[in-house]
Amino acid sequence: MKNTILTFLLMLSTSIMAQKTPFTLLPSGHIVVKAKIEGIEGNFIFDTGAGINLFFNDFVAKLPQKPTSYNFFTGFRATGERIDIPLFRNNEVSFSNKTFKNVPFSSMDMKLPGIDGLISLKMLENTDVVIDYGKNEISFTDASPKSYSKSIDIFLSTQSDDTVDIFTYAVLNNKYKIKVMLDSGAGNNSFWLSDKLINTLGIDPKTMQVIEKESEFNKAVKTKIYKGSIEALSNDYAKIEKPNVLFVENLIYEGKTSLNWIGKKIVISIKNKKIYILE
């Protein structure tokens, strides 16, 4: 009887760990997931470049208790634009069959049809997350790193222990090694490079289209962007030939890219500082 119970509990544990949650992949390549914040369900973009969970004011108004705080967070967008936002904490966030406690978050007066905010990597510091682009599924795993044969290093950027962003190395034109921020919130096939790299790569700015992008948060802030292409962007396991890239004025990173080019099925492990490529 005892062995039967132990076997059942093991099977139940394995089943729970194997549970997969479907996500919606928008035409733009953005991953939209469902989560419950203080028991209230919403639709959120899974954004590895967000740093912190961010909920739109219309959704925050639905929470059982209106959050209040005198704390605040000052961050900088990739373009260098300063953002000052309030800092709160959630008692409970339920995401992909797992519950997280005491999670930092902020709010902002933004409106995106059908979207209630952004889910970041901050609450996943001790939980490996599997993203399967082929099956449009997200799940968590405790599999041993020894079971994965391919991996790349990631580097963490945190601010006051309230945010987590991830970076990795990428090679431009098979020659120039830079650090790029990995930003699933950019959608698919998004490749931003600092305009400082234009000369490094031997590109004539006069051959590129130049546009000015207005900030979604402050219309007075405009960023100059050079649209062009490079020979290749690669790492040890992936290579994109002749990608279209944006050279962005005042970009605070050497580069910022989407996540999908890394692999079709990947495991992000903050605690091991690795991304494992399964497919």
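This text walks through the chain as a whole and then its aromatic rings. The model is predicted, so local features need pLDDT of at least 70 and side-chain atom pairs count only at pLDDT 80 or more, while totals for chains, interfaces and linings use all residues. Residues are numbered from 1 along each chain as its sequence is written, and side-chain values use heavy atoms, without hydrogens or water.

Start with the overall build. The chain has three helices and 25 strands. Both are DSSP runs, numbered from the N terminus: helices are H or I with at least four residues, strands are E with at least two. The C-alpha trace spans about 75 × 45 × 35 Å along its principal axes. A compact globule of 279 residues would have a radius of gyration near 19 Å, and the chain, at 20 Å, agrees. That radius is taken over C-alpha atoms, and the globule rule is 2.2 Å times the number of residues to the power 0.38.

Next, look at packing. Of the 279 residues, 47% are buried. Buried means under 20% relative accessible area, exposed over 50%, and partly exposed in between (1.4 Å probe, protein chains only). Take the contacts with a separation of 6 or more: residues 24 or more positions apart account for 62% of them. A contact means heavy atoms within 4.5 Å.

Now turn to the rings. A pair of aromatic rings is described by the distance of the centres and the angle of the planes. Rings of Phe, Tyr and Trp (its six-membered ring) pair if their centres lie within 6.5 Å; planes under 30 degrees apart are stacked, over 60 edge-to-face, and the rest tilted. This rule gives eleven aromatic pairs. In one of them, Phe-55 and Phe-105 have ring centres 5.2 Å apart and planes at 35 degrees, so the pair is tilted. Phe-55 lies in strand E5 (residues 53–56) and Phe-105 in strand E9 (residues 98–108), 50 residues apart. Phe-55 is buried at 0% relative accessibility, and Phe-105 is buried at 1%.

Phe-105 also pairs with Phe-88. Their centres are 5.2 Å apart and their planes are at 35 degrees, so this pair is tilted. Phe-88 sits in strand E8 (residues 88–95) and Phe-105 in strand E9, so the pair ties together parts 17 residues apart in sequence. Phe-88 is buried too, at 10%. Ring pairs link Phe-44, Phe-55, Phe-59, Phe-88 and Phe-105 into a cluster.

Rings also meet charges. The charged end of Lys-177 sits over the ring of Tyr-169, 4.2 Å from its centre. Lys-256 has its charged end over the ring of Trp-192, 4.3 Å from the centre. The rule here: NZ of Lys or CZ of Arg lies within 6 Å of the ring centre and within 35 degrees of the ring normal.
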